[in-house]
Amino acid sequence: MVDDNLIPDDVTVQVLVQAREHLIAKTFEALKGVKKATVHLYNSTSTAQRKIVFNKSNEEIIALALEGVDMIKKYEINATAFCVGKLAEKHSKMVKKAGEYIEIGSHSYSHTDLLNADRNKLDIEVRLNKILLHNLSGDEIIGFRPPREQTNKRLREVLKESGFRYVLEKNLG
């Protein structure tokens, strides 16, 4: 599709790639000629996945994330790291370092279901996480990526009231 110029100018291609340099390099090579793309660098935060799939310690996963930041610098990529607040609290130095080179965005506080959350829960997951990430990174937090990229009217209202400028979402009504 890329080689044959079949992707319309108003379409953003999304790619999910593991945060490993050889895979990132292949991804950017494949995206040459694409006008707009969102590249999700994936780094596991799940304990089971970290231990079973990656066979890495928590420290090794943190090192992998920091290598991802270094690759973003190396390839001169405009990037956003969407952070889960609970994890950002545990790894505040990593968030601070990442914020020096890339945009920090919110991925909710606890990565819970926001579609069925009451207003108090949404305030914690959205508003308080935005403040937390700002305090950790020093950055203005303007982007939000909800868990499973799912939103609804109530969540979008809270996001708008909270001052987010963009949301990566699958609109569910």
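The buried residues of helix α6 (buried meaning under 20% relative accessible area, with a 1.4 Å probe and protein chains only) are covered by elements that include β3 (80-83), α4 (85-90), α5 (92-99), β4 (103-106), β5 (143-144) and α7 (153-161). Helices (H or I, at least four residues) and strands (E, at least two) are DSSP runs, numbered from the N terminus. The model is predicted, so local features need pLDDT of at least 70 and side-chain atom pairs pLDDT 80 or more, whereas totals for chains, interfaces and linings use all residues. Residues are numbered from 1 along each chain as its sequence is written, and side-chain values use heavy atoms, without hydrogens and water.

Helix α6 comprises residues 119-137. Its 19 residues should span 27 Å at 1.5 Å a residue (the expected span being 1.5 Å times one less than the number of residues), and the end C-alpha atoms, 26 Å apart, agree with this. Among the buried residues of α6 are L122, E125, V126 and N129. At N129, α6 bends by about 30°, the bend being the angle between axes fitted to the seven residues ending there and the seven starting there. Just after α6, G138 adopts a positive phi of about 80°.

N5 belongs to the segment before β1 (13-18) and is exposed (over 50% relative accessible area), at 56%. S108 lies in the loop between β4 and α6 and is buried, at 0% relative accessibility.

Key:
Contact means heavy atoms within 4.5 Å.
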